[in-house]
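Welcome! Take a look at the structure below, and then we will walk through a helix, a surface patch and some aromatic rings.

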Amino acid sequence: MSVFVAIIGLAFLILIHEAGHFFTALAVGMRPRKFYIGFPPPLVRLRRRGIEYGIGAIPLGGYVKIPGMHRPAARDLDYHLQRAMTQAPELVQALEAVKRPLARGEYDEARAALDQLENAMREAGQPTEVLTDVRDGLSPDAYWRQRAWKKVLVIFAGPGTNALFAILIFAVLFMVGGGKATTTVADVLAKSPAAQMGLQSGDRIVAVNGQRVAPPDIPRIISHSGDRGVTLLVERDGRTVTLGPTRPEKTSGVYRLGFVLKGKGLAAPAAVKESVRLTAFVSRDIVTSLGNIVHRQGREDISSPVGIVQGSSAAVSQGLQSYLWVLGLISLSLALLNLLPLLPLDGGHIFFSLLEAVRGRAVAREVYERVSAIGIGLVLLLFFIGLSNDVGRIGGG
């Protein structure tokens, strides 16, 4: 059940990412042709108002098909019509009538000639669906025909929605109890020094090492104690109990006993402010970790969807709030990963849209294809590094 909930959460993050692209494209006049969760072949699909909605069999992401992501070229027709030309050579003349204006950049003339080619293919008994991508590329709402701000807005909307969701979920968690710390223990980590000394959820910490404390003092005094024994005075069920002394353990360079204090909910404005601050800090750390990929230690921090689901399912077992914190962090990670300036990631499309706006002319199709090949290779490399890390963790290696 925990794994199922984790998979549903990841699918939801993909859904809102693609929904960001989808609804923004509709708003600026680029009518999407498809909206899929997962990749083909489709398990379920339906068509409504000219848009195909579906769930793909390969659950590694999702996509929104926006018409005409690239300027159509004559060789696109050669590629799509290889089989038709072999079976019906009489279509060559109609095909050339489309390719000539395409080569000259006369797209309205090419669109009119495409109608004639489609009629000729229908009369020859050839399927006309192969012309769909070229027709979309010639349509007035094609992506490549739009102004730069529209293209950037549509592409940024996906990761932007993920980032906005992270801010929203963090703010809600700060409001319901993840804000200002109290002196009451919320959770005690299993097999931690705190568990060994007998600390329990619901205990209220009165003093540490004989010193009465406020919430901010508790982690500071424990951390500064080093590897020396720590004594806690706690209030439990109306009576005072002394626990310890017990030595803290060093974790990530800090000495800790292994417990979490309850948080006091913040008001909405304060919660949003803390959420934005947390998002900024985590974003900085994620970007830093991406920059450390060249080092072995940095590569060990990468996870694939397998590791994401594993971590999420572990959080599910720790309670709803823990799971929502992890879900928000995953959403933020997806946003930042997609903003890397690599094709076919969103950041790559944004980079080339801005580059074309500065140059005042389109980047050659061949450049797109070569850069995309490099980007796909790097993305696959990251995936396999993450997968090997996850397999090692699951296997205890």
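This is a predicted model: local features need pLDDT of at least 70, side-chain atom pairs count only at pLDDT 80 or more; totals for chains, interfaces and linings use all residues.

Two residues are in contact when heavy atoms of theirs lie within 4.5 Å.

**Helix H4 and its neighbours**
- Helix H4 covers residues 92-104, and its 13 residues reach 19 Å from the first C-alpha to the last, close to the 18 Å expected.
- Its buried residues are Ala 94, Leu 95, Val 98, Lys 99, Pro 101 and Leu 102.
- Which helices do the buried residues of H4 pack against? They pack against H2 (74-80), H3 (82-87), H5 (107-123) and H6 (132-138).
- After H4 comes Gly 105, with a positive phi near 80°.

**A nonpolar surface patch**
- Leu 168, Val 172, Met 175 and Val 176 form a nonpolar patch on the surface, and together they have about 360 Å² of accessible area.
- Met 175 sits in helix H7 (residues 148-178), and counts as partly exposed because its relative accessibility is 40%.

**Aromatic rings**
- The structure has twelve aromatic pairs.
- Phe 39 and Tyr 63 are stacked, because their ring centres are 6.0 Å apart and their planes are at 5°.
- This pair links distant parts of the chain: Phe 39 is in strand E1 (residues 34-48) and Tyr 63 in strand E2 (residues 51-65), 24 residues apart.
- Phe 351 and Phe 352 have ring centres 5.5 Å apart and planes at 90°, so they form an edge-to-face pair.
- Phe 351 is partly exposed at 44%, whereas Phe 352 is buried at 6% relative accessibility.
- Phe 22, Phe 23, Phe 35 and Tyr 53 are linked by ring pairs into a cluster.

Note on methods: Residues are numbered from 1 along each chain as its sequence is written. Side-chain values use heavy atoms; hydrogens and water are left out. Helices (H or I, at least four residues) and strands (E, at least two) are DSSP runs, numbered from the N terminus. The expected span of a helix is 1.5 Å times one less than its number of residues. Buried means under 20% relative accessible area, exposed over 50%, partly exposed in between (1.4 Å probe, protein chains only). Patches are made of residues with over 30% relative accessible area and no salt bridge: like charges are joined within 9 Å, nonpolar side chains (Val, Leu, Ile, Met, Phe, Trp, Tyr) within 5 Å. Accessible areas come from the Shrake-Rupley method with a 1.4 Å probe; for residues, only the protein chains shown count as cover. A salt bridge is a side-chain nitrogen of Lys or Arg within 4 Å of a carboxyl oxygen of Asp or Glu. Rings of Phe, Tyr and Trp (its six-membered ring) pair if their centres lie within 6.5 Å; planes under 30 degrees apart count as stacked, over 60 as edge-to-face and the rest as tilted.
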